[in-house]
Amino acid sequence: MHVDTGPQPIETERLLLRRSRPEDAATISAYRSDPNVNRQQGWERTDLEGVLADIVEMSGRAPGEPGGWVQFTVQERGAGTIVGDVGLSVADGEPGVIKVGYTIDPAFQGLGYATEAIRALVEYAFETLGAELVRAHASAENAPSIRVAEKIGMRLVERVEHRDGDEVWFGVRYEVRR
């Protein structure tokens with residue numbers, strides 16, 4: 001796999017995916033703190049300081065570089081409005097595998113933005129980073145996220161049950177090969 005040391009924004013028909021910047025933190029924190037969004041995503045902290053710290057930490061990592069996530073802010077191309085964020089990470093100990101994640105602000109859900117953004121991110125993972133496989137995890141209850149994975153050609157490969165004390169989380173893993 002390759003490391004993209006000079007990533008350029010990724011453009012789609014309606015969207016611009018660019019590296020997240022500190023000034024994006026307030027907007028990202030606001031929609032990720034929504035209880036309906038928060039229960040579906042994997043960020044431990046969604047408060048402004050936590051999101052800002054994560055963005056700053058991720059900014060030192062190039063896409064395709066092992067060691068954690070790289071986040072992209074998703075904007076409408078015309079208006080420049082932030083509609084969500086997507087991210088990717090090299091899977092630990094699995095050469096050629098990239099994990100992707102996506103969150104769209106509830107005000108912009110249902111418009112096809114997640115599908116458009118994640119399709120572009122998967123293409124970037126294959127074409128620029130040289131990934132052989134791209135993977136997405138979701139809560140088994142998150143039907144919209146599952147639909148996005150299926151729309152871009154990912155296939156269900158595993159159902160997961162995770163226990164943490166009395167709490168049980170049911171998830172799914174979707175993948176697409178180059």
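Reader: In this predicted model, what lies between β7 and β8, and which residue in the turn has a positive phi?

Author: β7 and β8 form a hairpin with 2 residues between them, and glycine 165 in the turn has a positive phi of about 65 degrees.

Reader: What makes β7 and β8 a pair of strands?

Author: Pairing requires at least two bridges; because 9 bridges join β7 (residues 155-164) to β8, which run antiparallel, the two count as paired. Within this pairing, glutamate 161 stands opposite phenylalanine 170 in β8.

Reader: Why is the contact between arginine 135 and glutamate 175 called a salt bridge?

Author: The closest N and O atoms of arginine 135 and glutamate 175 are 2.8 Å apart, and because the cut-off is within 4 Å, the contact qualifies. The pair links distant parts of the chain, with arginine 135 in strand β6 and glutamate 175 in strand β8, 40 residues apart.

Reader: How do you know whether arginine 135 and glutamate 175 are buried or exposed?

Author: Buried means under 20% relative accessible area; arginine 135 has 7% and glutamate 175 has 12%, so both are buried.

Reader: Which residues are linked with these two in a network of salt bridges?

Author: The network links Glu94, Arg135, Glu158, Arg173 and Glu175, and within it the side chains of glutamate 175 and arginine 173 meet at 3.1 Å, N to O.

Methods
Residues numbered from 1 in each chain as written. Predicted model: local features only at pLDDT ≥ 70, side-chain atom pairs only at ≥ 80, totals over all residues. Heavy atoms only, no water. Helix = DSSP H or I, 4+ residues; strand = E, 2+ residues; numbered from the N terminus. Buried < 20%, exposed > 50% of the residue type's maximum accessible area, 1.4 Å probe, protein only.
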